[in-house]
Amino acid sequence: MSNLLKEKLQVINMGIPAFSDALKQQGIATTQLDWRPPAAIPLETREYISSQSKTIEQANQQAVQKLLAATPHWVGMGRALDKIPGMKSNLILHSGPPISWQRMCGPMQGGVIAALIYEGMAQTADQAHALASSGEIEFAPCHHHGTVGPMAGIVSASMPVFVVKNESGANCSYATMNEGLGKVLRYGAYDSEVIERLKWMERELYPALQAAIEHLGKIDLKSIIAQALHMGDEVHNRNRAATSLLYRHLAPAVIESCSDRGLAAQALNFINGNDHFFLNLSMAACKASLDSAGNTAGSSLVTVMARNGVEFGVQLAGCGDQWFVGKAPLPDALFFPGFSKEDANPDIGDSSITETCGLGGFAIAASPAIVQFVGGKSRDAIDYTLQMYEITIAENSIYQIPALDFRGTPTGIDVAKVVEKSILPFIDTGVAHKEAGVGQVGAGVLSAPMEPFLKAYQGLAEHIKTE
Amino acid sequence: MVVDGLVRESEYFDSVTLMMLARQFNLPDKGLEVALVMATKENLAILERASMLIDKFSGRGDSDLLIVVMGKTDKMVATTLEKISLALDQKRKTSGAVGGGLEYQPKSLESGLSVMPAANLLLISVAGRYAVMEAYDALAHGLNVMLFSDNISIADEIKLKQEAKKRNLYLMGPDCGTAIIGGVPLAFANQVSSGSVGIVAASGTGLQEVSSLISNGGGGISHAIGTGGRDLKVEVGGITFLQGLQELIDDPQTKVIVLISKPAASEVLAKVVKLLEPSLKPVVALFQGADLNALPFNSDGCVQIASDLEDCAKLALAALDLTDGELFSEDKFDPAPMVEKMSCDQKYLRALFSGGTFCSESQLLIGKDLAPLFSNTPVGASSTISDPWQSTQHILLDLGDDQFTDGRPHPMIDFSIRNQRIIDEACDPQTAVVLLDLVLGYGANPDPLSELLPVINQAQQAAKKVGSYLAIICSVTGTDQDPQKRQQVVAALIAAGVVVAPSNARATLQAAAIITMLNKREGGE
């Protein structure tokens, strides 16, 4: 027989709040749920997924253990053509899921134009435009090549890239160096100022950093991220602490390995002047960690969330390289003076790899400095992070949030939880102008759209059925 | 007419909250109509019928909240939309979700359990189509379930109850409005005294009436287990009913057992009889509408069969030797002074119930004597009313039935439909008696007097205008410990000229006594 009548009543109330108010008045332990209906999934799919829950659970544990065990290190640098697997001189990588030149949004086309001019394949924007639409240039997502790029995410053959190695899984990831804020390629700007900066980075910054990292051997990125979370970063929209920590590693090494004092000073000043310098390393660290969890049959763990400015794409550990896409939403942002939502491009960039790894918006409770993006109260930031625990599989063993008594960050998004609980991943983001060449117009937050997760949920069911 | 609306994506509120909010902004007199609904297929269809489905609602789904306002001017519509948005923001804040500055509210059972790992009951009142999955989940986590939600198929009910039984858990419901566990009232229930009467009931309102009457009569309740209205059907086989009964038989605190049900399948009754055989505890059973001679209980056994809810409470009190309460004193109601004041046109009873069980009980009590009698939920000798919005002859209406609640909260919470109907009946010169029920307790309207008293006054004036004297009789279900305090409510109603009866059965018989006397007067003239 049930023990209900013999035990002390402890009630969870799902629905009408007045019922829990009445119980609380009587001194009965009661938890009110802020329940919401699940996303619109066919009942048979949900029943199938729940019938497979043991298999999925096992696969998820396997996948998330790899994710938690990942130890990303910055180990070297090189030219994209030499380092990125499958890179070709006529290949341009972009952020998000696959997209043709014709369908690309303004800022991504702008980034492509910048890259073609930078590579010397075109002299003017018009020439670049003609070349891009000629069919001679191939386009592919960064994610198809172990690479991640913020915003437009453009990577071309001669760009220098960081090499980040997950030493526990022996897989590598790649990312370009961050150019700073303002008019920059990743936001689709392509005027001479942009190209000159990129050239300087290739000519002077790259050799200085390459020498420094060779001198050091490697830098433990996981350790920097863990410390930065204790110092107010969530390593997506705020990288000030992580950049500072990186700088402490780099400065002596640059001085020791660079014979030209002027060059060393310029390189260090560039990093010092760019609070987001660490972002691309944070992204590469997340990518290397998540890739180690990829290709786990039956797992509903999300390994990629990425946007190309038109579509929002998701990949699952249990669905190989298959993309599940939906329309990219417009971010809810704080705009720079003179700009408004009218100017904003739909969400763009691979930087949501940080959220996929349990950082960024998922760790916003660690970053009180940027709570103005979420309503201005640190309580709001905490609530957003708490909400993300509802859709994740594990709590990180290394990355912690001081404001939550050093609870591990919510790590490993479970697509089944997203869909069944109707709780969407929460993402920090920068906002690009919708037209090519203008650049960044704001920063803010948004919830991922439901559509790609719904498709991924159904895709997972099909994968399990055929396996 | 101007129609405009807003979509709040991925935002959910339960339908009661939304309907109460919509009601707050509805101003039908000023031509302003407001709807706040989740974008389910059903709700979209409702909006379409009301010409309130606008273009921006296309493609919206179950988890999107729609706000739509229809009014005379653009400005009126725009300001109302703005006010509603603000009110919704406020609700979010006070409900402790994001921005609330209060404790984080878990969004799912899974995280609710991480906050309260020793939880032993999940109370579900979300829409039926979601409730089934959530109930399974709760059972799988070892939780008992009280399923307040309705619109759940009998096939799902059977599966859920079998699953619960397998796990030694309770599945109370679906459509289970009331339960009292260890003296704690759940959902729509009254604050009754703790005591030694255990109840198993397939009727929520019936359970409220009997438990309140027992408490008011000096007794108390150990546990009251609600089973949902279909549990005793042959398909379900009384799974929850039998579980509850067995447990009350074994429960040392329970000295008297009360069973409340609609007519039960004979196979199920046979199981009930078998369970009761070895028990020595006195049992009082009400099988509303059943053929008493066909019930398989011996008159010499320990089972006493009650004729109505009041009788049920009386027999239980008698078994505890508590026979000096109000129920045991003679009914001193005298219809004559009222009948004298009535016009010769006044003939009919108009009963407007918020409790479905009361509507059936009254029909069964007086159906034969007052025939022909019409109802939207006919039982016994009654016939189906042709137009439930139009009264002719003797009418007994269940205003909690779907045709009246479409898009509105239950009439125990939202009095608006019944209030209007009371006025309509008062304006009909043929109306002699308006019979009402008033259910107090948790979940019910927290301030019934502020809404009911003005309407009663208006009805009396309206009757006067058409040359009538209107008798208003009302039963009040509840206790003095309820948030509304029964004694205060009763005193105020009496002061307003209402005849207040301790039970629905008695109120019904008093109403019938007036009609009978009116009939005699007619016959005598």
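1. A residue is taken as buried if 20 or more other C-beta atoms lie within 10 Å of its own. By that count helix α10 (residues 309–319) of chain B is mostly covered, with nine of its 11 residues buried. The model is a predicted one, and the points below should be read as comments on a prediction.

2. The buried set in α10(B) can be named residue by residue. It consists of Leu309(B), Glu310(B), Cys312(B), Ala313(B), Lys314(B), Leu315(B), Ala316(B), Leu317(B) and Ala319(B). The list takes in Glu310(B) and Lys314(B) as well as Leu309(B), Leu315(B) and Leu317(B). As background, residues three or four places apart on an α-helix point the same way, because there are 3.6 residues a turn. Just after α10(B), the backbone at Asp321(B) has a positive phi, about 60°.

3. Chain B as a whole. What does the chain contain in the way of helices and strands? There are 17 helices and 20 strands in chain B. Its radius of gyration is 24 Å, close to the 24 Å from the globule rule for 525 residues, so chain B is as compact as a globular protein of that length. Along the principal axes, the C-alpha atoms of chain B occupy a box of roughly 65 × 65 × 40 Å. Buried residues make up 52% of the 525 in this chain. Of the contacts in chain B with a separation of 6 or more, 69% are between residues 24 or more positions apart.

4. Domains of chain B. The assignment divides the chain into domain 1 (2–94), domain 2 (110–328) and domain 3 (336–524). Between domain 1 of chain B and domain 2 of chain B, the C-alpha centres are 38 Å apart. Helix α10(B), at residues 309–319, falls in the range given for domain 2 of chain B, 110–328.

5. Parallel pairing around β9(B). Strand β9 (residues 194–201) of chain B is mostly covered, since six of its eight residues count as buried. Which strands pair with β9(B)? One is β10 (residues 221–226) of chain B, in the parallel sense and over five bridges; there Val200(B) faces Ile225(B) of β10(B).

6. Antiparallel sheet of chain B. Strands β1, β3 and β2 of chain B form an open sheet in the order β1-β3-β2, with antiparallel pairing. The average twist from one strand to the next is 15°. Strand β3 (residues 65–71) of chain B is joined to β2(B) by six bridges and runs antiparallel to it. Met38(B) has Leu65(B) in β3(B) as its bridge partner.

7. Domains of chain A. Here the assignment gives domain 1 (10–35), domain 2 (44–66 + 294–466) and domain 3 (68–283). The C-alpha centres of domain 2 of chain A and domain 3 of chain A are 22 Å apart. The contact between them involves 53 residues of domain 2 of chain A and 50 residues of domain 3 of chain A. On the domain 2 side, the elements giving two or more residues include α3 (53–69), β9 (302–308), β16 (426–432) and β17 (440–447) of chain A. The largest share on that side, seven residues, is from β14(A).

8. Lys377(A). This residue sits in the loop between α12 (353–356) and α13 (378–389) of chain A. Is Lys377(A) buried or partly exposed? Lys377(A) counts as partly exposed because it has 16 C-beta neighbours inside 10 Å. Its C-alpha atom is 43 Å from that of Glu462(A), a residue 85 positions apart from it along the chain.

Definitions and conventions:
Residues numbered from 1 in each chain as written. Chains lettered and ligands numbered in written order. Predicted model: local features only at pLDDT ≥ 70, side-chain atom pairs only at ≥ 80, totals over all residues. Buried ≥ 20, exposed ≤ 12 C-beta atoms within 10 Å, placed from the backbone. Helix = DSSP H or I, 4+ residues; strand = E, 2+ residues; numbered from the N terminus. Domains from an automatic or database assignment. Rg over C-alpha atoms; globule rule 2.2 N^0.38 Å. Contact = placed C-beta atoms within 7 Å. Pairing = 2+ DSSP bridges. Axes fitted to C-alpha atoms, helices over the stretch in contact; angles between N-to-C directions.
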